[in-house]
Amino acid sequence: MPRKRASKKPALMATSLVLDASSQAPLHRQLYEALRTSIVAGRLPPGTRLLSTRSLAEQLDLSRNTVMSAYTQLLSEGYLVGQLGSGTYVAKELPERMPAPRRAPIRTPSKSASPPPISKRGSTMAAAHAGLRATLGMVQASMAFRLGMPSVDAFPSELWGRLHHRRWQRSWRDVLSHQDPQGYLPLRRALADYLATSRGVRCGPEQILIVNGSQQAISLVAQVLLDPGDAVWVEDPGYIVAQGVLKAAGASLVHVPVDEEGLNVEAAIQLSPNARLATVTPSSQFPLGVTLSHRRRLALLQWAERSNAWVFEDDYDSEYRYVGRPLAALQGLTPDARVLYTGTFSKVLTPNLRLGYLVVPEELVDTFIAARTFSDFQSAPLEQTVLTDFITEGHFSRHVRRMRTLYAEKQALLVEEARRELAGLIDIGPADTGMHLLGWLPPGMDDRTAAERAAAAGISAPPLSAYRGQTSGRGALLLGYAAVPERDISEGVRRLAQALR
């Protein structure tokens with residue numbers, strides 16, 4: 001009687017993989033690095049069968065989606081191979097062992113060599129990026145108070161993973177094919193309904209483009225509506241990344257002061273009445289957090305109509321209003337408003353999703369579809385379908401409500417701790433909207449110096465002056481609280497106090 005062959009058990013043990021929950025690196029990236037290191041070092045020899053994604057997720061107490069992301073990356077890079085019905089194995093021929101292409105010898109350029117010729121657009125982008133790094137490089141990736149990030153801990157990873165798996169099982173062939181550059185139609189329908197009820201936006205799904213976040217939205221607007229030299233109103237202080245996009249498009253920026261009523265429309269008209277575009281964050285001005293008054297909203301719309309100009313409305317975190325109902329969008333105030341409206345899922349779910357939307361007037365739809373086609377054609381199809389399910393099944397609205405409550409609690413805790421630990425160092429109070437607070441410094445204190453001291457203590461607190469163009473005023477630090485675990489808020493405030501003293 002022939003001997004029965006023993007089944008080959010998976011050799012990968014979860015105990016050999018070390019992940020750091022306190023690290024800034026995402027868990028899927030940490031898992032990918034740990035697995036890749038084990039493979040390259042030979043601890044997982046070629047042909048080794050790995051645990052299933054479900055088993056490894058259970059042993060490491062991770063979501064299955066996290067493990068799937070790490071496995072998928074390793075499969076795509078050639079470290080792993082999948083065998084249908086059998087499992088996932090370490091590849092027999094690793095990328096490191098494959099013959100390397102012949103490389104030309106490295107030549108060190110002489111000091112007299114001239115720089116390579118690049119376009120004016122390229123030079124402008126390089127200069128803007130260098131300025132951005134010099135200005136904000138001191139405040140990246142630290143414990144607290146990182147700006148513009150939602151709570152990763154509160155991301156519904158298990159639910160998202162189930163929706164992701166279900167969509168892949170049902171429609172993977174469609175997902176692997178080219179999609180409509182305007183975006184997945186069911187998602188655009190769901191967004192049109194959501195925006196009408198929650199933000200008062202006037203649009204149908206045919207006016208919506210799915211984009212890779214608000215940065216791509218402003219880039220498309222610049223491509224379609226602006227010629228080099230066109231004047232554009234920008235808020236001062238304001239969002240400097242969007243300003244960099246506009247500069248790269250050759251726009252002439254007109255820095256318009258912002259006060260307690262938001263963008264000063266009267267001052268803008270005095271500065272540049274014939275501007276082609278106005279960029280605003282009317283629901284929660286970044287970075288001051290003020291709301292554009294109704295009087296100025298109407299004045300802005302009237303100017304755009306009268307001047308044959310356009311308004312770009314960035315509604316980046318409108319979901320987070322803690323007092324009363326969310327305000328109606330500028331776009332929906334009047335019929336046929338000359339407004340292009342954008343929103344993003346980066347502040348509600350995660351920036352890594354890279355999904356947002358742009359609502360354009362009907363007469364511009366075809367032109368914007370053409371511009372999107374010639375830029376990167378489409379956003380990730382699978383994520384669009386999963387997001388559609390997330391919205392239509394009611395998960396998105398529930399998640400927004402939960403995050404609104406969580407962030408309101410975090411804001412209150414930050415205010416309480418700051419008043420106790422930072423009295424005399426920073427003046428801080430609650431805000432009706434947003435994901436960060438402004439900590440006003442004593443008059444005469446330089447906020448860049450304060451930000452540098454905070455960074456040396458491991459605290460991310462960008463200076464308000466970094467977002468100013470031509471205006472000046474009292475210094476302040478921007479303190480994001482949404483991404484900071486509540487247990488770290490108190491410690492962050494204590495370390496900030498020590499740094500400022």
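Mentor: What follows is a run of labels, each checked against its rule.

Mentor: One caution to begin with: this is a predicted model. The chain has 15 helices and 12 strands. Of its 501 residues, 50% count as buried.

Trainee: Why is Gly-343 called buried?

Mentor: Buried means under 20% relative accessible area. Gly-343 has 0%, so the label is buried. Gly-343 is found in strand S9, residues 339–344.

Trainee: Which residues does Gly-343 touch, leaving out those up to four places away in sequence?

Mentor: Asp-315, Gly-356 and Tyr-357. A contact needs heavy atoms within 4.5 Å. Asp-315 is 28 residues from Gly-343 along the chain, yet their C-alpha atoms are separated by 5.1 Å.

Trainee: What makes Ala-91 buried or exposed?

Mentor: Ala-91 has 4% relative accessibility. The limit for buried is under 20%, so Ala-91 counts as buried. Its place is in the loop between strand S2 (87–90) and helix H4 (120–136). Beyond its sequence neighbors up to four places away, Ala-91 touches Pro-46, Gly-47, Gly-78, Tyr-79, Leu-80 and Val-81. Pro-46 is 45 residues away in sequence, but 5.4 Å away C-alpha to C-alpha.

Trainee: What share of the contacts with a separation of 6 or more comes from residues 24 or more positions apart?

Mentor: 73% in this chain.

Trainee: How do you know that Asp-389 and Arg-167 meet in a salt bridge?

Mentor: The rule asks for a side-chain nitrogen of Lys or Arg within 4 Å of a carboxyl oxygen of Asp or Glu. Asp-389 and Arg-167 come to 2.8 Å, N to O, so the pair passes the rule. The pair links distant parts of the chain: Asp-389 lies in helix H12 (residues 381–392) and Arg-167 in helix H5 (residues 157–175), 222 residues apart. Asp-389 and Arg-167 are both buried.

Trainee: What makes Glu-416 and Arg-420 a salt bridge?

Mentor: Their closest N and O atoms are 3.9 Å apart. The cut-off is within 4 Å, so the pair counts. Both residues lie in helix H13 (residues 395–421), 4 residues apart, about one turn of the helix.

Trainee: Why are Glu-416 and Arg-420 called partly exposed?

Mentor: Partly exposed sits between the two limits, under 20% for buried and over 50% for exposed. Glu-416 has a relative accessible area of 45%, so it is partly exposed. Arg-420 has 48%, so Arg-420 counts as partly exposed too.

Trainee: Why are Arg-494 and Glu-491 separated by about one helical turn?

Mentor: Because they are 3 residues apart in helix H15 (residues 486–500). Arg-494 is partly exposed at 33%. Glu-491 is partly exposed at 29%. Elsewhere, salt bridges that share partners join Asp-259, Glu-261, Glu-266, Arg-295 and Arg-296 into one network.

Trainee: How many salt bridges does the rule give?

Mentor: The count comes to 14.

Trainee: Which residues form the negative surface patch?

Mentor: Glu-206, Glu-305, Asp-336, Glu-362 and Glu-363. Asp and Glu count as negative. Glu-305 lies in helix H10, residues 294–307. Exposed means over 50%. Glu-305 has 54% relative accessibility, so it counts as exposed.

Trainee: What makes Asp-336 exposed?

Mentor: Asp-336 has a relative accessible area of 72%. The limit is over 50%, so Asp-336 is exposed. Asp-336 lies in the loop between strand S8 (310–314) and S9. It has a positive phi of about 55° although it is not a glycine.

Trainee: Which residues form the nonpolar patch?

Mentor: Trp-168, Trp-172 and Leu-176, with about 310 Å² of accessible area together. Leu-176 lies in the loop between H5 and helix H6 (185–199). At 59% relative accessibility, Leu-176 counts as exposed.

Trainee: Which peptide bond has omega near 0°?

Mentor: The bond from Asp-236 to Pro-237, which is cis. Pro-237 lies in the loop between strand S4 (231–236) and helix H8 (240–248). The bond from Phe-286 to Pro-287 is also cis, with omega near 10°.

Key: Residues are numbered from 1 along each chain as its sequence is written. This is a predicted model: local features need pLDDT of at least 70, side-chain atom pairs count only at pLDDT 80 or more; totals for chains, interfaces and linings use all residues. Side-chain values use heavy atoms; hydrogens and water are left out. Patches are made of residues with over 30% relative accessible area and no salt bridge: like charges are joined within 9 Å, nonpolar side chains (Val, Leu, Ile, Met, Phe, Trp, Tyr) within 5 Å. Accessible areas come from the Shrake-Rupley method with a 1.4 Å probe; for residues, only the protein chains shown count as cover. The place of a charge is taken as NZ of Lys, CZ of Arg, CG of Asp or CD of Glu. Helices (H or I, at least four residues) and strands (E, at least two) are DSSP runs, numbered from the N terminus. Buried means under 20% relative accessible area, exposed over 50%, partly exposed in between (1.4 Å probe, protein chains only).
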